[in-house]
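Work through the exercises below with the structure in view. Try each task before reading its solution.

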Amino acid sequence: MNRRCDGLDVWGLYEARLGAAGITEAEQRRGEALNRLQARLRREMAASISYKSVTIEGKESHAVITDTEEFNVKNIIAVPGERLPHGGIVKWADTVWLITEVDPNRDVYEKGSIQRGNYILKWIDDAGSIIQRWCIVEDGTKYLIGEKAESIISIGDARIAVTIGKDKDTNKLRRGQRFLIDDMDSDDVLAYQITKPNKLYSVFDGEGVFRFILNEVNSTDADNKELRIADYYNWRPEKERLPSDIQVDKPLEEIVEDAKEDAAKEPEKVEEEQRWI
């Protein structure tokens with residue numbers, strides 16, 4: 001067989017083209033084998049009784065979902081080429097699931113675990129916006145609450161664990177923040193406070209889920225029980241503050257006296273600027 005064409009070795013020309021593209025022959029073969037494997041898996045998955053229509057982070061897709069020993073925890077395998085964002089939301093079977101684990105081996109397809117969400121956590125951020133996120137609320141009595149024993153005032157054996165996806169809003173949740181967490185039909189709504197914020201619980205490469213341990217605390221008149229938002233009526237816009245590089249040389253007493261004099265001379269201006277006296 002003549003493998004030469006116009007004085008060039010055909011196989012050598014093929015290898016030269018691969019080299020120009022920065023791809024070795026072995027890499028080319030692996031890529032082709034991977035494409036064939038993924039195409040076969042797509043066909044086999046579509047024929048499986050576990051092949052389900054799902055919504056992943058708002059995008060309609062398909063995935064293979066199989067049972068585990070727990071009814072509220074499932075295995076999920078994404079169609080080759082589709083992502084499973086760790087900490088993301090999956091909607092399937094008329095309910096909401098949180099992607100709590102993802103296998104780091106993603107060469108052929110992505111797989112992980114999903115757990116059924118059972119509560120929408122609500123709070124007000126610093127800008128006054130109402131934030132709400134699906135989460136998993138579980139019994140937390142087996143966890144330490146992150147407080148010293150002498151500082152604890154017992155209200156009841158009510159300690160819960162909240163697992164929630166990481167994002168720009170949940171990343172701002174902090175120790176001491178209060179929430180209203182209870183059945184939506186309950187009249188006596190329970191209040192809880194974060195005592196142990198674990199933001200490294202299951203976070204890898206910037207994606208994952210946080211786990212917060214909360215202890216029961218007293219509810220207050222500032223809580224909006226209808227909306228299930230703690231400290232709803234306490235929110236106020238942040239006041240403008242002096243930059244940290246500006247020095248105030250006057251003592252507090254002198255500042256107060258100056259403010260009182262300004263109030264006597266120009267009460268309208270003081271009211272307009274909402275000064276404290």
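**Exercise 1.** Find the residue in β5 that stands opposite Ala-63.

*Solution.* The model is predicted.
- Start with the two strands: β4 covers residues 59-67, and β5 covers residues 73-78.
- Look at their pairing. β4 and β5 are antiparallel and share five bridges.
- Now go across from Ala-63: the residue opposite in β5 is Ala-78.
- Last, trace the link. Five residues form the hairpin from β4 to β5.

**Exercise 2.** Follow β5 to strand β8 and name the bridge partner of Val-73.

*Solution.* 
- Locate β8 at residues 111-116.
- Five bridges hold β5 and β8 in an antiparallel pair.
- Read across from Val-73: the partner in β8 is Gln-115.

**Exercise 3.** State the strand order of the six-stranded open sheet, then identify its edge strands.

*Solution.* 
- Walk across the sheet: β9, β10, β11, β14, β13, β12.
- Check the sense of pairing. The strands pair antiparallel.
- Find the strands that pair on one side only. These are β9 (119-124) and β12 (178-180).

**Exercise 4.** How many bridges join β12 to β13, and which residue is the partner of Phe-179?

*Solution.* 
- Take β13 as residues 191-204.
- Three bridges connect β12 with β13, and the two run antiparallel.
- Cross over from Phe-179: Tyr-192 is the bridge partner in β13.
- Recall the general rule: strands of a sheet pair through backbone hydrogen bonds, either parallel or antiparallel.

Notes: Residues numbered from 1 in each chain as written. Predicted model: local features only at pLDDT ≥ 70, side-chain atom pairs only at ≥ 80, totals over all residues. Heavy atoms only, no water. Pairing = 2+ DSSP bridges. Helix = DSSP H or I, 4+ residues; strand = E, 2+ residues; numbered from the N terminus.
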